[in-house]
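Biologist: I am new to this structure and would like to learn how to read it. Could you walk me through it, one feature at a time?

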Amino acid sequence: MDGTRIGGLTALRGPRVITLVAVQFSIVAICMLTTLLVALQVQHTSIREETGERALDVAMSLAELPAVVEAVGSPDAGATLQPLADLVSESAGVDYVVITDDAGIRITHPVPERRGELVSTDPSIALGGETFVGTEVGTVGPTLRAKVPVWRDGVVVGTASVGILESSISAQLEERIWQVVPWVVGAGLFGLACAAGVSLLLGRRFDQLTVAAQEFETQRRLASALREQTHEFSNRLHVLFGLIEVDEREEALDYIRTLTPVDSLAAAPALEETLADAPVRVRAILAAASARLCEHGGQLQVDVEIEDRAGTELAFGDDAATALSNLVRNAVDAVETQGEHGVVRVAIEEEAGGLRIQVDDSGPGIAPELRDRITEAGFSTKTTETRDGLEIPRGVGLGLVRRLAEAHGGALVISDSELGGARFVATLPNSSTRADADSEAASTGRMDQ
């Protein structure tokens, strides 16, 4: 009787497990399909918004170009503007660029036969001084387009229209779909395997899924932040380009001053005098450091020993600027919390073999047992910084300085500073000195043989 009962329970347990697995499979499949549909909708909306913004940015930039404003309405406008329209279309990655006069007659068009004809869609909104963004069907097919007015002396003299084919948008969406599908399918299969494991092995946990979801969210937010920064950077470059193109030098400088403290040396006459004969990059880097220190009440002390400014300008290239910038930024970070007691001292010396950069600070210093590890990639004694839930990578700058110094045949030495913090000394022999040393060593070796 007991054997019969045990056999019956065993027989029932199999179908129950299969049913549970089937239910879990259905839940995972439904969630996977729902996630895929939501992801596709989000991607579709995102692509259309990004495409519309890009078309509008290109159209507005084109309409504001002095060359366009001056040429619209002139007899030879087509000869002047068509090459410009082709260049903008190619560089901006749009499907067409059309410029019209105040009657809606095409001055430029990707199809030569269409030039000189009335546009196929209603130009009244743009000719009325307003901006239009939407989908219309024109001579090249359905396009998501942006139309903006071209103003001259307060009067609309034409329009600039930029369009991207709906087929291009669909192709981009399809490309993103194939990028998303493997992740969704992979996540679904992984979830199914975990669910089956829970049923068969009595309680396997879903930690891996949680970690994967967190990583996916981090990547999404990081990508969004980078996209916003790229867009903002592009806008600033566009403003500077426009100011420089119309020869508004002072306005360009004023705009730059709103972005970064380029006039910080004006508040420190002694420092400005010390850096009067220093290379331009040295002045720029130390001016920014002085501004950061002044915000917290600290001070920057500088000693630049340079005999040949012209020669040092050549020697102080990208690698030297990178080394100085990273060492100074690291020192400023170390003393920011000290307020008016924070001191950073920078000494730049021109040696026969190149440059010697020494940076001291009054910060907490670096323990001797950590000095070998402090230049390892990813290792840092600083507290991890988090922005919008994302951890900002640390342990990059000092490792970069060490690699740059060694690449020049020099070194990065870390020790205690008389200011109470750390001292970093980077030596960067110049290329000609290294070449002479290598040649002399090779000659000596041949003579010894």
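This is a predicted model: local features need pLDDT of at least 70, side-chain atom pairs count only at pLDDT 80 or more; totals for chains, interfaces and linings use all residues.

Biologist: Which residues lie nearest the centre of the largest cavity?

Modeller: Look for Val98, Val119, Thr121, Arg145 and Ser161, out of 17 residues in the lining. By class, that lining has six nonpolar, eight polar and three charged residues. At least two lining residues come from each of β1 (96–101), β3 (141–152) and β4 (155–165), and β1 supplies the largest share, with three residues.

Biologist: Those strands make me curious. In what order do they sit in their sheet?

Modeller: The order is β1-β4-β3-β2, an open sheet of four strands with antiparallel pairing. β1 and β2 (132–138) are the edge strands, and each pairs on one side only. On average, neighbouring strands in this sheet are turned by 30° against each other, direction ignored.

Biologist: How many bridges join β3 to β4?

Modeller: There are 10, and the two strands run antiparallel.

Biologist: What should I look at in the loop between β3 and β4?

Modeller: Most residues other than glycine have a negative phi, and most peptide bonds are trans. Asp153 lies in that loop and has a positive phi of about 55°, although it is not a glycine.

Biologist: Is Asp153 buried or exposed?

Modeller: Residues over 50% relative accessible area are called exposed. Asp153 counts as exposed because its relative accessibility is 77%. Another example is Asp247, with a positive phi of about 65° although it is not a glycine. Asp247 sits in the loop between α6 (207–245) and α7 (249–259), and Asp247 is exposed as well, with a relative accessible area of 66%.

Biologist: Now for the other sheet. Which strands form the open sheet with mixed pairing?

Modeller: Five strands do, in the order β5-β6-β7-β11-β10. β5 and β10 stand at the edges with a single partner strand each, so one side of each has no neighbour in the sheet. Neighbouring strands here are turned by 10° against each other on average, direction ignored.

Biologist: How can I follow the pairing from strand to strand?

Modeller: Begin with β5 and β6, which pair in the parallel sense over seven bridges; Val304 has Ile348 in β6 as its bridge partner. Next, β6 and β7 pair in the antiparallel sense over eight bridges, and these two strands form a hairpin with two residues between them. Within that pairing, Glu349 has Arg356 in β7 as its partner. Then β7 is joined to β11 by seven bridges, running antiparallel, with Leu355 opposite Leu428 in β11.

Biologist: Which residues of the largest nonpolar core touch the most other members?

Modeller: They are Leu300, Leu324, Leu327, Val344 and Val346, in a core of 37 residues. Elements giving two or more residues to this core include β5 (299–305), α11 (318–335), β6 (343–351) and β7 (354–361). The biggest contribution is from α11, with nine residues.

Biologist: Finally, where do the pockets lie?

Modeller: The largest pocket holds about 1300 Å³ of space. Its lining has 32 residues, with Ala39, Val180, Trp183, Val184 and Phe216 nearest the centre. α1 (2–64), α5 (166–201) and α6 are the elements that give two or more residues to that lining, and α5 has the largest share, 11 residues. The lining divides into 18 nonpolar, nine polar and five charged residues.

Biologist: And what is the volume of the second largest pocket?

Modeller: About 890 Å³. The second largest pocket is lined by 30 residues, with Arg54, Asp57, His231, Ser234 and Asn235 nearest its centre. In this lining α6 has the largest share, 12 residues, and the classes are 11 nonpolar, 11 polar and eight charged.

Technical notes:
Residues are numbered from 1 along each chain as its sequence is written. Side-chain values use heavy atoms; hydrogens and water are left out. On a 1 Å grid over the protein atoms alone, a cavity is a set of points where a 1.4 Å probe fits but cannot get out, and a pocket is an open set with protein on both sides within 12 Å along at least five of seven lines; lining residues have an atom within 4 Å of a point. Ala, Val, Leu, Ile, Met, Phe, Trp, Tyr, Cys and Pro count as nonpolar, Asp, Glu, Lys and Arg as charged, and the others, Gly among them, as polar. Two strands pair if DSSP finds at least two bridges between them. Axes are lines fitted to C-alpha atoms, for helices over the stretch in contact, and angles run from 0 to 180 degrees between N-to-C directions. A nonpolar core is a set of buried Ala, Val, Leu, Ile, Met, Phe, Trp, Tyr and Cys residues joined through side-chain atoms within 4.5 Å. Buried means under 20% relative accessible area, exposed over 50%, partly exposed in between (1.4 Å probe, protein chains only). Grid points are joined across faces, edges and corners, and a volume is the space filled by probe spheres set on the points.
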